[in-house]
Amino acid sequence: MNRLSRRTLIIVVSATAFASRAGAVEQGRERMAEALIAEAVNRGRRRLASELPPFEGDPVLDQIARERSFDMAHGAPFDHRDEHGGYPAIEKMRARYTRYGAMGENIVEDFDPAGRAFDPHVFAGRAVKSWFDSDEHRENILTAAFSRAGTGVAFSRTTAYATQVFWGPPARRGERRS
């Protein structure tokens, strides 16, 4: 192996190590934003509907929410529906969680054309504020029908996405939930 080949090999290995480290940092920022969002949603739920318990976290719901955010960060439509008219979050919940019960989804995107790194605290604050400022999203957070939630965040170069999926047990016969 001549000198040029060794340098090239070292550069490739170093670039791979850097990319791996950068990915781990990005994932750490995403997980931090998820925790901040989950905490802030529960604080808001407690403040506006003190009779309701906080959402229970659930690792399966977290994974579904992460997949939804990841998919949108990599080209899936920023919409509750996919290009075929289906509801991907609901379909994933039915396939991997349970087919029964109340299910819902909140999504948000934050665009920065300059492509600066997203601050997890700032993004989480914007995401939760936008959900509480929207009647439909706030309704998902404040309904007694949902008892569990999963949160997922994904950052692309210019856009951050957050998804929160909700689940609640099936209503019993004659039971009304608001």
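E56 is partly exposed, with a relative accessible area of 45%. (Buried means under 20% relative accessible area, exposed over 50%, and partly exposed in between, using a 1.4 Å probe and protein chains only.) The model is predicted: local features need pLDDT of at least 70 and side-chain atom pairs count only at pLDDT 80 or more, while totals for chains, interfaces and linings use all residues. Residues are numbered from 1 along each chain as its sequence is written, and side-chain values use heavy atoms, with hydrogens and water left out.

**The sheet**

- Helices (H or I, at least four residues) and strands (E, at least two) are DSSP runs, numbered from the N terminus.
- Four strands form an open sheet in the order 1-3-4-2, with mixed pairing. Two strands pair if DSSP finds at least two bridges between them.
- Strand 1 (56–57) and strand 2 (102–111) stand at the edges. Each has a single partner strand, so one side of each is left without a neighbour in the sheet.
- Strand 3 (residues 148–155) and strand 4 (residues 159–168) run antiparallel, joined by eight bridges. A hairpin of three residues links strand 3 to strand 4.
- V153 has A162 in strand 4 as its bridge partner, and G150 has V165.
- Strand 2 also pairs with strand 4 in the antiparallel sense, over 10 bridges. N106 stands opposite Q164 in strand 4.

**Strand 4 inside the structure**

- T159, Y161, T163, V165 and W167 point one way from strand 4. A160, A162, Q164, F166 and G168 point the other way.

**Helix 4 against helix 5**

- Helix 4 (residues 120–133) and helix 5 (residues 135–142) pack at an angle of about 100°, with their axes 5 Å apart. Axes are lines fitted to C-alpha atoms, for helices over the stretch in contact, and angles run from 0 to 180 degrees between N-to-C directions.
- That makes helix 4 roughly perpendicular to helix 5 (65 to 115 degrees; under 35 is roughly parallel, over 145 roughly antiparallel, the rest oblique).
- W131, F132 and D133 in helix 4 meet D135, H137, R138, I141 and L142 in helix 5. Contact means heavy atoms within 4.5 Å.

**Salt bridges**

- A salt bridge is a side-chain nitrogen of Lys or Arg within 4 Å of a carboxyl oxygen of Asp or Glu. By this rule the count comes to 11.
- E56 forms one with R148, with the closest N and O atoms 3.8 Å apart. E56 lies in strand 1 and R148 in strand 3, so the pair ties together parts that are 92 residues apart in sequence. R148 is partly exposed, at 27%.
- K129 pairs with D133 in a salt bridge, the closest N and O atoms being 2.5 Å apart. Both lie in helix 4, four residues apart, about one turn of the helix. K129 is exposed at 51%, and D133 is exposed at 52%.
- Salt bridges that share partners join E30, R31, E34 and R66 into one network.
- E30 and R31 meet through their side chains in a salt bridge (3.7 Å, N to O). E30 is buried at 11% relative accessibility, whereas R31 is partly exposed at 25%.
- E30 lies in helix 1 (residues 3–48). Not counting residues up to four places away in sequence, E30 touches V153, A154 and F155.
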